[in-house]
Amino acid sequence: MKISGLQKNSLIDFPGEISCVLFTNGCNFICPYCHNPEIAGGSSSGTATLIEEQEIFSFLEKRKNLLNGVVITGGEPTLHKDLDFFCYRIKKMGYKIKLDTNGSNPKVLEDLYKKELVDFTAMDIKSNLKNYHLAAGKNFNPDCIIASIKLIMERSPLYEFRTTCVKPFLDTKIICDIGNMIQGASHYVLQHCSKDVKMLTPDFFKQKNRFFSDNEIIDFSHQVEKYVKKCSIR
C-alpha cells in the first residue's frame, strides 16, 4: 500500500471509535476543493512522500491498547490493488476499519464486503450524475457511483454518505437529485468547505464566491431530510 500520511489519533473520523487515520497516495478524481493536494495530486500516483508499511504496522502494534479503529482515507484507497490484504492484516490485529471512498470502484467495495474487511464506509457524493464530471473528469462512468451507493447501503455494516457544499456542485435541484440517489440511506452529511487551506485548484476559488452560508446549508438539509433517515451538518 502507498501510504502518504498518518494521523496518530482521532476522536471524530470514526464514529464511536478512537482511531488513527491513514492517507493513501493518489486519486482518480480532480475535485478543485480537495484539501489534500499533495496526496491526491490530481492523478492516481500522487506526489507525497510515502511511509513504509512496516512503520505503519509497528505503530499499530504499539497502539493496540490505545486505539480500536483505523480509518483508511486518501486520496482514494480503492485504487490500490493490495487494499484487501492491507485491510486483512489490520483486522487480524483486532482493529475495526473505516473506509473513506469516492465510490469509483464498486467491484473493490464488493470484494471488501464479501471478505468482511470493512466495518464502516463513508462515501463522498460529489454532485448529481449530470455534474459528476466536475469532480471525476469527462471520461468517468457515473454508473459506478450508483453501483457503489447500492452496495454500501446493502452490504456495509455501518455507513454514511456526505457532500462537501461547494458551488456549482450543489444547488436546490442537485440536493434533491442526490436525495433520490441515496433514498432511504441511514445517514447523510453536508460538509462545509474549509476556507484558507491548501486546495488542489486554488484558481477555482478566485473566479467567484464558491462557498455557501450557514443558512443556505441548513436549507439544503431541510430539503434532503425527506429522502434519508438522518441528515447532519459538519
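Contact, on this tour, means heavy atoms within 4.5 Å. Helices (H or I, at least four residues) and strands (E, at least two) are DSSP runs, numbered from the N terminus. You're looking at a predicted model, where local features need pLDDT of at least 70 and side-chain atom pairs count only at pLDDT 80 or more, while totals for chains, interfaces and linings use all residues. Residues are numbered from 1 along each chain as its sequence is written, and side-chain values use heavy atoms, with hydrogens and water left out.

**Stop 1: helix 3**

Select residues 83-92, which is helix 3. Its buried residues (under 20% relative accessible area with a 1.4 Å probe, protein chains only; exposed is over 50%, partly exposed in between) are Leu-83, Phe-86, Cys-87 and Ile-90. Look down the axis of helix 3: the buried residues fall within an arc of 95° (taken from the directions from the axis to the C-beta atoms), so they line one face. An α-helix has 3.6 residues a turn, so residues three or four places apart point the same way.

After helix 3 comes Gly-94, with a positive phi near 100°.

**Stop 2**

Five of its six residues are buried, so strand 4 is largely enclosed by the rest of the structure. Strands count as paired if DSSP finds at least two bridges between them. Strand 3 runs parallel to strand 4, joined by four bridges, with Val-71 opposite Lys-98. Strand 5 (residues 120-124) also pairs with strand 4 in parallel over four bridges; there, Thr-101 has Met-123 as its bridge partner. From strand 4 the chain passes through helix 4 to strand 5 in a right-handed β-α-β crossover: with the strands pointing away from you, the path from the first strand over the helix to the second runs clockwise. Strand 3, helix 3 and strand 4 form a right-handed β-α-β unit too.

**Stop 3: Cys-144**

Jump to helix 6 (residues 143-155) and highlight Cys-144. Which residues does Cys-144 touch, leaving aside neighbours within four places in sequence? Show Gly-103, Ser-104 and Pro-106. To finish, draw a C-alpha to C-alpha distance from Cys-144 to Ile-125: they're 19 residues apart in sequence and 12 Å apart in space.
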